[in-house]
Structure formats: C-alpha cells, structure tokens
Amino acid sequence: GLDWSDTGPLARKVTVSVGVAVADASTLEAPGDLIASADRALYAAKAAGRNRVAVDPRAAGSDPLGSLT
C-alpha cells in the first residue's frame, strides 16, 4: 500500500476525471473506435479541470447522458 504517514492532509486529496463514450453496435466500425472516443472524452474532462465528467466532443450533439443531467 501507499505510505501516507508523512504527506500531510492536503496530499491526501484525490480528484477524478472521467471520459464517457457511447456506441451503437450497429454503427461501430471497430472496437478501437470506442476506445478512441473514450480517450477523447477523458482528455476533454482533464482539460475542463478537476473532478469532471465529459462525453466525447464529437458525439456530444447526441446527448447520450441527457437523462442524467
């Protein structure tokens, strides 16, 4: 495990950035396309700041998470 004994209280803060990708199996050309979409979304979340969730900017117009926001 990690030794947190001498890091102080500020060093214990954890942040999370999440990239969301959505694919329709009937239109997915290759599994790598879904991974690339998730990767783009992850970098968009990281660029937006800490503790962010982002959908692939190329697919954002479809609003796959519309029911959650």
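A residue counts as buried when its relative accessible area is under 20%. D56 has 2% relative accessibility, so D56 is buried. The model described here is predicted. Its chain has 69 residues, and 9% of them count as buried.

**Overall layout**

- The chain contains 1 helix and 2 strands.
- Along the sequence, these elements follow the pattern β-α-β.
- Helix α1 spans residues 31-48.
- Strand β2 covers residues 52-55.
- A loop connects α1 and β2, and N51 is found there.

**The salt bridge**

- The structure holds 1 salt bridge.
- Its partners are the side chains of R40 and D56, which meet at 3.0 Å, N to O.
- The pair links distant parts of the chain, with the two residues 16 apart.
- R40 sits in helix α1, while D56 belongs to the segment after β2.

**The largest pocket**

- The largest pocket has a volume of about 160 Å³.
- It is lined by 11 residues.
- V22, A23, L28, D33 and S37 are the closest of these to the pocket centre.
- By class, the lining has 5 nonpolar, 2 polar and 4 charged residues.

- V53 is the member found in strand β2.
- V53 has a relative accessible area of 60%; the cut-off for exposed is over 50%, so V53 is exposed.

**From the loop into strand β2**

- N51 has a positive phi of about 55° although N51 is not a glycine.
- N51 lies in the loop between α1 and β2.
- Its relative accessible area is 49%, which is not over 50%, so N51 counts as partly exposed and not as exposed.
- N51 and T15 are 36 residues apart along the chain, yet their C-alpha atoms are separated by 5.4 Å.
- R52 lies in strand β2.
- R52 is partly exposed, with a relative accessible area of 41%.
- R52 and V18 are 34 residues apart in sequence.
- In space, R52 and V18 are 6.3 Å apart, C-alpha to C-alpha.

**Points to locate in the model**

- Where does R40 lie? R40 lies in helix α1, and its side chain meets that of D56 in a salt bridge.

Methods. Residues numbered from 1 in each chain as written. Predicted model: local features only at pLDDT ≥ 70, side-chain atom pairs only at ≥ 80, totals over all residues. Heavy atoms only, no water. Salt bridge = Lys/Arg side-chain N within 4 Å of Asp/Glu carboxyl O. Helix = DSSP H or I, 4+ residues; strand = E, 2+ residues; numbered from the N terminus. Buried < 20%, exposed > 50% of the residue type's maximum accessible area, 1.4 Å probe, protein only. 1 Å grid on protein atoms, 1.4 Å probe; cavity = no way out; pocket = protein on both sides within 12 Å on 5 of 7 lines; lining within 4 Å. Points joined across faces, edges and corners; volume = space filled by probe spheres on them. Nonpolar A, V, L, I, M, F, W, Y, C, P; charged D, E, K, R; others polar.
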